[in-house]
Amino acid sequence: MTPEIEESSQALTNGKVPQRWMYDELGMEWSWVASSSTLWFNEFNYRHNQLSNWARNEKLGSYWLGGMFNPKGFLHAVKQEDYRRKKAEVASLDRHEINIEVLSQIWNDIEKHDYRVAVNKQKPADKDTVLIHGMYIEGATYTPTKGLDDCKVEILTQLQIAKITVEVKSDEVKPTQAKFYYCPVYRYASRGDNNLITKIKLKSEGRDAEYWKKKGVAVLCSKEYLH
């Protein structure tokens, strides 16, 4: 028995995930991080379900962003697909930017069960719209109507479904009275540039953006910490 197999066997006996299942020899993540072998296998099934559903269908009703091997690459692919449709109108891909808007809608399947299973229940009316789900907001609560608010009890709460649209950058600066916080979206609960996926524009009527930044408010695609 090789040292790697012995280490993996011992980890599984203790309910842990073998390091080689999550990281390669250089320490680079090549699968996903989980605090227990049960959670790792559960996520394996959820990821398989999403990918197999996606393979059978041209487009899913909503995509579990945290279940992507490369969430940032997924968003870039959305932008590229939109660019191909609008190529006659806009000459440069650089003039396209991702806009993520949190919706007021919460699917019952996501609310009552597990958000990762509701990946193909319904499709958005607009074929150009992409929906994502399975995110949490840490350090605050958020509703599209009221915006950001201080969390009363739970530090980590589920975020509603979000809509991805691709907008063409305008040279015209339009004045707006609304206040927003450009909230960072991380792949894991561990913060860091390596885990940063994108930023979501969240409405903040009562507080300025600096207040939420000092509180460390962020959107997470997973509750897991890197180890």
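Tutor: Rings of Phe, Tyr and Trp (its six-membered ring) pair if their centres lie within 6.5 Å; planes under 30 degrees apart count as stacked, over 60 as edge-to-face and the rest as tilted. By this rule there are 12 aromatic pairs. The model is predicted: local features need pLDDT of at least 70, side-chain atom pairs count only at pLDDT 80 or more, and totals for chains, interfaces and linings use all residues. Residues are numbered from 1 along each chain as its sequence is written, and side-chain values use heavy atoms, leaving out hydrogens and water.

Student: Why is the pair of Trp21 and Phe41 called edge-to-face?

Tutor: The centres are 5.7 Å apart, within 6.5 Å, and the planes stand at 85 degrees, over 60; therefore the pair of Trp21 and Phe41 is edge-to-face. Trp21 lies in helix 2 (residues 19–22) and Phe41 in helix 3 (residues 37–56), so the pair ties together parts that are 20 residues apart in sequence. Helices here are DSSP runs of H or I, at least four residues, numbered from the N terminus.

Student: What makes Trp21 partly exposed?

Tutor: Its relative accessible area is 25%. Buried means under 20%, exposed over 50% and partly exposed in between (1.4 Å probe, protein chains only), so Trp21 is partly exposed. Phe41, at 40%, is also partly exposed.

Student: Why is the pair of Trp32 and Trp40 called stacked?

Tutor: The ring centres of Trp32 and Trp40 are 4.7 Å apart and the planes are at 20 degrees, so the pair is stacked. Both Trp32 and Trp40 are buried. Ring pairs link Trp21, Trp32, Trp40, Phe41, Phe44 and Phe69 into a cluster.

Notes:
Helix = DSSP H or I, 4+ residues; strand = E, 2+ residues; numbered from the N terminus.
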